[in-house]
Amino acid sequence: MSVINKIRERSGLAVGVIAISLILFIVGGDLLGGRSMLFGGNQQEVGEIAGQSIDYQEFNAKVDELRAQYEQQTGRAPGEQELTQIREQAWNQFLFEIAYQKEFDKLGLKVSQEELVDMVQGNNISPAVRQAFTNPQTGVFDKSSIVKYLKDLNRPNVPVQQKVAWASFEKNLASERLRSKYQELITLSTFATTAEAQKEYQAQNSKANLKFLFVPYYTINDTTVKVTDSQLQDYLNKHKDDYPGSDSRSIQYVTFSVAPSKEDSATLYNEIKSLARGLGAATNDSVFAQQNSDVRIPLYMTAGEMPEQLRASIPTFSPGGIYGPFREGNTYFIYKYGGSKKDTSFTARASHILIQTKGLADSAKVAARQRAEGILKQIQGGASFEALAQSNSQDGSAQVGGDLGYFKNNGQMVKPFESAVFGATSAGLIPRLVETEFGYHIIKVTQPKTDILYRIAAIGKTIAPSQTTRDEALRRADQFASEVQTKEEFDAKVKEDKSLVVATADRIPEGANQINALTDARAVVRWAFDNKTELNSVSEPFEVGDQYVIAVLTGKTEKDNVEVSDYRNELTAKVRNELKGEQILTKLGSASGSLESIAQKYGAGALVETADDVNMATGYLKSAGVDPIALGKAFGLKPGKRSKPFAGENGVLIVETTSITPAPPVADYAQYKNQIQQNNASRIGFYINEAIKDAAKVEDRRAKFY
């Protein structure tokens, strides 16, 4: 029975892993909007996939099934955010079962019963099964426990719910394998030719030295360039593919916070002090802490798992001592120290500087090692480790001086790195380079290894707004809403009340749950898309989290009718730059003489700059920035030749190519083939999903119901 209990506890996580994998593959949330249910179409139709209608009852049955699974796995009903995710999962299952299955059937892709058995108890066990049957205490996977569990599953006293859960688990295993087969098949069909690899090599390694004149568009004041609606419409007509239509709404809104007041904070502070006395006197302090805490906190913690304020108190720990209250955000914490014991693993803290070598040729690896050795010598000579990490390390920890925080010797780090850190007996710089699959590491141990576990009974109490605070926020919101009916009145009222800040949210999709930082804002979105909500009308107060929101509808866009107003700001910027470019080109005229003399003749705003060792792949032209047009012209010129004035991305340029150094010949382009294929493979899942959705003509109308 213990094994059965374990699979019941752990299988939910494994199913979740598979579900997440499917969701990542079937990128939901951006499906095509549907026809209005008021004018044709089934009013109970949630959507349509590959010509197959999905009605509300059918969809809701799937949601109820997934919700029941969630409740069985977690022991609680889903909240609003979880329910939204469950609906998304249900929709993705329909997409998978209808649209994807059509593609699988065309190719004859299946998962046989023999293959499924192999995934569960054979030689190629699924990672999800491994996770479900790995002992959480030892971290050891035992295949015999699967066999025993399956035998126990056939006993008559096993609950039906458990059998149903296992059947669902196996179904998800098969779906995941089918998805993997399909994606792998498509991935293996992507291939980079030698010609493509050679072109990429040339783009990265051919160098040019340039001299150019640059007149930025911003040197002409925007107010001096008049842009008409007809010009915007003409530009939109010529660039329709760049400005796709969508069903969206734009709003402005103000919020009335229900944040706890000073009085609420003072009340909680007095309560936490009273709890501190109770915690200190409690004989069973862990039970007392659990009963009184708003936050679940483990009873045993390593120093690395402690919050910083508590960790700083470790030198003063004494059995039975109370520490705090410490405030973190809106939560006060108090802690009672109850002694220590040995952990089964060690914890340490370290910083590093990484010089990457992954994917580099042997000659480049030699140069990387020399660079790393040079940095190590600088630190040994007294240079700041943190400063050199910020300027040299080639991973995300560079921003924090190389700090990696606390970690355990349980495989969190690659083996050579872990061995070096946990092999150190004291804090300080490790006096040698450590090589891993990622590159060369310069390591400083900031907290040496320790296997001490601290017993800490903890209580966390979060400051919540009192009913008086909440009532006051609602009163202010109601008063504001009662005095404004139009956008003009909304703007005027905001000017009167300096405490209010207007936020803008443009092009909100119909299925959105979040608006800027407002989570669970579905009610606001539904109001904005309601057919009765007219432009410039103002909403009633909506309660969204710990604040009340009042919105005004400022814009509507329709998928099948793209208008200038949908993209006015973007179109205006493009057309204005075109007009500025024409003015600058006219003023430059038939430029002759040196670039300096042309700039002098042009006057204020004209710059002459040089750029050395520019390549086609990542070329950057100083003030002109990244400009593919300019790079193309520069590499198309012979050394010593100059282009005519032309409009680029950020201004008008005249480019003069000083010299070009062709990429040296190489015998093997395998590295560049691999780069191209890896880049393509990383996007395969997204491309597959978009292609299948497009072919299936997906129409998602869930937003009409939820």
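Modeller: A helix axis is a line fitted to C-alpha atoms over the stretch in contact, and angles run from 0 to 180 degrees between N-to-C directions. Bear in mind that this is a predicted model.

Biologist: How is helix 3 oriented to helix 23?

Modeller: Helix 23 covers residues 684-696, and its axis lies 10 Å from that of helix 3. The two pack at about 95°. Angles of 65 to 115 degrees count as roughly perpendicular. That makes helix 3, relative to helix 23, roughly perpendicular.

Biologist: Which residues of helix 23 does helix 3 meet?

Modeller: Helix 3 brings Leu 95, Ala 99, Tyr 100 and Glu 103 to the contact. By class, this contact has six nonpolar, one polar and two charged residues. The helix 23 side is Ile 688, Asn 689, Ile 692, Lys 693 and Ala 696.

Biologist: At what angle do helix 3 and helix 7 cross?

Modeller: Helix 3 spans residues 80-107 and helix 7 spans residues 160-188. Their axes come within 11 Å. The crossing is left-handed. The angle is roughly 55°.

Biologist: Over the face of which ring does Lys 587 lie?

Modeller: A charge over a ring must be within 6 Å of its centre. Lys 587 is at 4.3 Å from the ring centre. The ring belongs to Tyr 602.

Terms used:
Residues numbered from 1 in each chain as written. Predicted model: local features only at pLDDT ≥ 70, side-chain atom pairs only at ≥ 80, totals over all residues. Heavy atoms only, no water. Lys NZ or Arg CZ within 6 Å of the ring centre and 35° of its normal. Helix = DSSP H or I, 4+ residues; strand = E, 2+ residues; numbered from the N terminus. Left-handed = near helix turned anticlockwise from the far one by under 90°. Parallel < 35°, antiparallel > 145°, perpendicular 65-115°, else oblique. Contact = heavy atoms within 4.5 Å. Nonpolar A, V, L, I, M, F, W, Y, C, P; charged D, E, K, R; others polar.
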